[in-house]
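Here are my notes on the model, as numbered points. Please read them with the structure open.

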Amino acid sequence: MEGTIKRCRCWFNGNSLFLHPLIISFLIIFMCMANIGNVDAAFSNLTTIPFNQGYSPLFGDGNLVRSPDGKGVRLLLDRFTGSGFISSNLYNHGFFSANIKLPSDYTAGICVAFYTSNADVFEKSHDELDIEFLGNTEGKPWRFQTNVYGNGSTNRGRPRRKERYRLWFDPTRDFHRYSILWTPQITIFYVDDVPIREVVRREEMGGDYPSKPMSLYTTIWDASNWATSGGKYKVNYKYAPFVAEFKDLVLDGCPADPIQQVPAAEACAEKYALLATQDYSVITPQRRAAVRRFRQRYMYYSYCYDSLRYPVPPPECVTIAAERARFKDTGRLKFGGSHKRQSKRRTRNRNRVLPDSDVTPY
C-alpha cells in the first residue's frame with residue numbers, strides 16, 4: 001500500500017502545475033484506493049456448483065425459485081412464510097460462499113441468514129457460524145452480524161461471540177460475495193475479498209470452538225421481535241414479497257457423517273491440506289491491515305469489549321488498546337464515533353452512488 005501511495009504522489013508531483021492542492025489530495029486518495037481495491041484475486045477462481053448438485057429446499061418450497069440456468073436461487077418472504085435451503089451434506093470444516101443480493105426499500109424486521117449449523121443433530125450441544133443480515137426502515141442501511149457458537153456454548157452460559165457491523169456499499173444494488181472459511185485451527189469471515197473477522201482456535205477455548213460436522217443453511221425469515229432496533233420496527237407486509245437472491249454457490253469441504261467412527265483429522269486429512277493451500281486461507285500483511293481498517297470504520301459492537309457481560313475477555317479475543325478506547329463498556333461504539341458520523345454522511349448522500357473503491361476498507 002505504501003508503495004502504491006508513493007507512486008501516486010510521484011505522478012501528481014510531475015503533473016500538478018495547474019491543479020489546486022485540495023483537488024490533488026482528493027485525486028491521490030481516489031486513484032490509490034481504486035488501485036488497492038483490485039489487488040486481491042483470492043476469490044476470482046472459485047469453483048461453483050449448481051443448486052441441485054449441493055442443496056435442497058429447507059422450508060417454504062413455494063417461495064424458493066430456482067434460476068433458469070440452475071446456478072442460483074431466489075428466496076422470498078411473504079405474509080405466509082419465509083423460505084430457505086440447506087446443503088445436502090454435513091461437512092467437517094470447509095469453505096462456504098455465495099454471491100448475495102438483499103431486498104431493497106423497507107426491510108425492517110427481516111433477517112437473511114447465511115450460516116453453518118448442526119442444531120438438528122446436536123440439539124443441546126450444537127455448533128454454529130453465522131452471517132446474519134438485519135433489515136432496516138426505508139432509507140436506512142442494512143446491518144449485519146457474525147456469531148460463533150461451539151458445543152452449545154450459549155446454553156452453558158459461555159460467551160455469545162457476536163459482532164455487529166455496517167457495510168461500505170449498498171447490498172441491495174448488486175451482488176456481493178460473503179464467505180465463511182472454517183478449519184480446525186481458524187475461522188475467517190469475508191465480505192467480497194475483505195476479511196472482516198478472524199477467530200483463532202486456542203486451547204483455552206476447549207469445546208467453545210466449533211468442531212462437529214455442520215450443514216450450510218440459507219434463510220429469509222420474519223425476525224420482527226429483535227432484528228431492527230431491538231424489535232421496535234416490525235416487518236411490514238405491504239412491501240412483500242421480500243426477495244433475497246443467491247448465485248455462484250461454493251461448497252468446498254469434507255462431507256461427513258455426524259456419528260462417524262473415523263476421526264475427522266484422519267478422514268479429512270487430504271481436504272484439510274488442500275484448504276490450507278488456498279489463497280483465502282492465508283491472512284497476508286495486506287489482509288491484516290484490511291481487517292483492522294474494516295473494524296475501525298464499520299464495527300459497532302464486539303463482545304470482546306463488552307466488559308459488563310465479560311469482565312475478563314474470552315480467550316480468543318485479541319484486544320487492541322486504540323480500538324477498545326472507541327467502545328463503551330457495553331461493547332457498543334461510543335456516541336460520536338465513526339459509526340455515527342458515517343451514518344449521517346450516508347443519510348445525506350444516499351441518493352449519490354459511490355463506487356466501491358471510494359469506500360473499500362483497503
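1. Which residue in S13 is the bridge partner of Tyr115? It is Tyr217. Keep in mind throughout that this is a predicted model.

2. S13 has a second pairing to check. Strand S4 (residues 83-87) also runs antiparallel to S13, and four bridges connect them. One of the bridge pairs is Gly84 with Thr219 of S13. Six of the eight residues in S13 are buried, so the strand is mostly covered, given that buried means under 20% relative accessible area.

3. Now the overall picture. The protein chain has 362 residues, and 50% of them count as buried. Its secondary structure comes to nine helices and 15 strands. Take the contacts between residues at least 6 apart in sequence: 69% of these join residues at least 24 apart. The accessible surface is about 17,600 Å², with 51% belonging to carbon and sulfur atoms.

4. The largest nonpolar core holds 54 residues. Val112, Phe133, Phe144 and Phe246 touch the most other members. Strand S14 (residues 242-256) gives the most to this core, namely five residues. Another core lies apart from it, with 10 residues, including Phe43, Phe95, Ile186 and Leu275.

5. Beyond four places in sequence, Phe246 touches Gly72, Val73, Leu75, Phe85, Asn99, Ile100, Val112, Phe175 and Thr218. Val112, on that list, is also among the core residues that touch the most other members.

6. Ser224 sits in the loop between strand S13 (215-222) and S14. Is Ser224 buried or exposed? Its relative accessibility is 12%, so Ser224 counts as buried. The Ser224 side chain makes a polar contact of 2.6 Å with the side chain of Asp222. Leaving out residues up to four places away in sequence, Ser224 touches Gly109, Gly231, Tyr233, Lys234 and Val235.

7. The salt bridge count comes to 10. One of them joins Glu163 and Arg197, whose closest N and O atoms are 3.8 Å apart. Glu163 is in strand S9 (residues 161-166) and Arg197 in strand S12 (residues 194-200), so this pair ties together parts 34 residues apart in sequence. Glu163 is buried, at 2% relative accessibility. Arg197 is buried as well, at 2%.

8. Glu163 has another salt bridge, to Arg295, at 2.7 Å from N to O. Arg295 lies in helix H6 and Glu163 in strand S9, so the pair ties together parts 132 residues apart in sequence. Helix H6 spans residues 285-298. Arg295 counts as buried, with a relative accessible area of 12%. Setting aside neighbours within four places in sequence, Arg295 is in contact with Glu163, Ile196, Arg197, Ser302, Glu323 and Arg326.

9. Arg309 is exposed, with a relative accessible area of 53%. Asp306 counts as buried, at 3%.

10. One last item for review. Arg161, Asp208 and Glu316 are linked in a network of salt bridges.

Note on methods:
Residues are numbered from 1 along each chain as its sequence is written. This is a predicted model: local features need pLDDT of at least 70, side-chain atom pairs count only at pLDDT 80 or more; totals for chains, interfaces and linings use all residues. Side-chain values use heavy atoms; hydrogens and water are left out. Helices (H or I, at least four residues) and strands (E, at least two) are DSSP runs, numbered from the N terminus. Contact means heavy atoms within 4.5 Å. A nonpolar core is a set of buried Ala, Val, Leu, Ile, Met, Phe, Trp, Tyr and Cys residues joined through side-chain atoms within 4.5 Å. Buried means under 20% relative accessible area, exposed over 50%, partly exposed in between (1.4 Å probe, protein chains only). A polar contact is a pair of N or O atoms within 3.5 Å; within protein, one must be able to donate a hydrogen and the other to accept it, and residues adjacent in sequence count only if both atoms are side-chain atoms. Accessible areas come from the Shrake-Rupley method with a 1.4 Å probe; for residues, only the protein chains shown count as cover. Two strands pair if DSSP finds at least two bridges between them. A salt bridge is a side-chain nitrogen of Lys or Arg within 4 Å of a carboxyl oxygen of Asp or Glu.
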